[in-house]
Amino acid sequence: MSQGRTLTFNIFRYDPQQPDCQPSTERYQITEAPGMTVFIALNMIREQQDPSLQFDFVCRAGICGSCAMVINGVPTLACRTLTANYADAEITLMPLPGFELIGDLSVNTGKFMRQLSERLQLWLTPTQQENDIHSIEAPMEPELADELYELERCIECGCCVSACATKQMNDHFVGAVGLMKLARFAKDSRDAREDSDFYHVIGNQDGVFGCMTLLGCQDNCPKQLPHQTQIAYLRRKMTRII
Ligand code: SF4
Ligand code: SF4
Ligand code: FES
C-alpha cells in the first residue's frame with residue numbers, strides 16, 4: 001500500500017492575463033493518502049500551500065470532463081487518476097495543448113466545443129415528418145438507438161483533441177470529437193441531411209481526409225469511445241461522394 005509516501009508534483013504555472021508572467025514549473029510536496037486521486041492532491045495543494053493554483057473540476061466522478069489535463073505526458077482526467085499509479089511518486093501536470101489557456105492547468109474547452117458545434121452544425125436537422133409536431137415519431141431500430149446512445153457518452157473533456165498530432169499541426173482540423181459527433185447525426189434516421197451535406201463540412205483535409213488514423217484519440221479517450229469505427233464510417237461515406 002502506498003499510504004504515507006511523499007508525492008512530488010511538478011506543475012505548469014502561467015497566467016496569460018499578467019503581462020510580466022513567464023511560464024514556469026512549480027514544485028509541491030504532499031503526503032499520499034489511500035485512494036488519493038490527482039484531483040484530491042491538487043485540492044490539498046491549493047488549500048494548504050498555494051491558493052493561486054488554477055485548475056477546473058465540477059463532478060469529481062468522470063462525468064463533467066472539466067478536470068482533463070496532461071498527467072506525466074498523458075491527457076486524462078485528474079479525478080479518475082490514482083496517485084498510486086505512479087511508482088516513483090513524481091507527477092508532472094501540464095494543461096491540455098490545443099485549447100486556449102485560462103491559467104496554469106485550466107483551459108477553455110467549452111469555447112472550442114461550442115465553435116465546433118456551430119461549425120459542424122452538431123444538432124438534429126429533422127426530416128419533414130419529424131418536424132411536424134402532430135405526427136407520431138417514427139420508430140428507430142433498437143440497435144441504432146443503442147449506437148447513438150453510445151456516441152452521446154462523450155463528456156467533451158478534450159483529451160482526444162490534445163492527443164491528436166494532426167490537430168496540433170493543423171488548428172483547423174475538426175478532431176476526433178468533431179468527426180465522432182458528426183457521425184452520430186449522419187447515422188440518425190431522423191436527420192434529413194444527405195451525405196453531400198456532410199461532405200460540405202468534413203470532406204477535406206480539415207475534416208475526415210486530414211486524419212492520419214494513428215488513433216491517439218481512441219487510446220486516450222477516458223470514456224473509451226469508438227473513434228476508429230466512426231472515422232472509418234465517415235471516410236467510407238465521403239469517399240463515395242468523390
Ligand atoms: S486517428 Fe485521426 S483524429 Fe484520431 S488522433 Fe489520429 S489524426 Fe487525430
Ligand atoms: S471523445 Fe472521449 S476524449 Fe474526446 S472529448 Fe469526448 S470523452 Fe473526451
Ligand atoms: S471533475 Fe468532472 S470529470 Fe473530473
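Glutamate 90 comes out as partly exposed, at 28% relative accessibility, where partly exposed covers the range between buried (under 20% relative accessible area) and exposed (over 50%), with a 1.4 Å probe and protein chains only. The model is a predicted one, with local features needing pLDDT of at least 70 and side-chain atom pairs counting only at pLDDT 80 or more, while totals for chains, interfaces and linings use all residues. Residues are numbered from 1 along each chain as its sequence is written, chains are lettered from A and ligands numbered from 1 in the order in which they are written, and side-chain values use heavy atoms, leaving out hydrogens and water.

The side chain of glutamate 90 pairs up with that of arginine 27 in a salt bridge, 3.3 Å from N to O; the term stands for a side-chain nitrogen of Lys or Arg within 4 Å of a carboxyl oxygen of Asp or Glu. This pair ties together distant parts of the chain, with glutamate 90 in strand 5 (residues 90-94) and arginine 27 in strand 2 (residues 24-31), 63 residues apart. Arginine 27 counts as exposed, at 54%. Across the whole structure, a search turns up 16 salt bridges.

As for the overall layout, the chain has ten helices and seven strands, taken as DSSP runs (H or I, at least four residues, for helices; E, at least two, for strands) and numbered from the N terminus. The C-alpha trace spans about 60 × 35 × 35 Å along its principal axes. Of the 242 residues, 45% are buried. Contacts (heavy atoms within 4.5 Å) between residues at least 6 apart in sequence join residues at least 24 apart in 63% of cases.

Another salt bridge brings arginine 184 and glutamate 152 together at 2.4 Å, N to O. Here arginine 184 sits in helix 7 and glutamate 152 in the loop between helix 4 and helix 5 (159-162), 32 residues apart. Arginine 184 is buried at 10%, whereas glutamate 152 is partly exposed at 45%. Salt bridges with shared partners join Glu137, Glu152, Arg184, Asp188 and Arg190 into one network. Within it, the side chains of glutamate 137 and arginine 190 meet at 3.7 Å, N to O. That pair runs from the loop between helix 3 (128-131) and helix 4 to the loop between helix 7 and helix 8, 53 residues apart. Glutamate 137 is exposed, with a relative accessible area of 52%, and arginine 190 is buried, at 19%.

Arginine 193 lies in the loop between helix 7 (175-187) and helix 8 (195-202), and is buried as well, at 15%. Its side chain gets to the backbone oxygen of glutamine 121 at 2.8 Å, and a polar atom of that side chain lies 2.7 Å from the backbone oxygen of tryptophan 123. Leaving aside residues up to four places away in sequence, arginine 193 touches Leu120, Gln121, Trp123, Thr125, Phe185 and Phe198.

Helix 4 (residues 142-151) has Leu144, Leu148 and Leu151 buried. These residues sit on the same side of helix 4 because they cover an arc of only 60° around the axis, judged by the directions from the helix axis to the C-beta atoms. Glu143, Asp146 and Tyr149, on the other side of helix 4, are exposed. The cover over the buried residues of helix 4 includes helix 7 and helix 10 (227-241).

Definitions and conventions: Polar contact = N/O pair within 3.5 Å; in protein donor to acceptor, adjacent residues only side chain to side chain.
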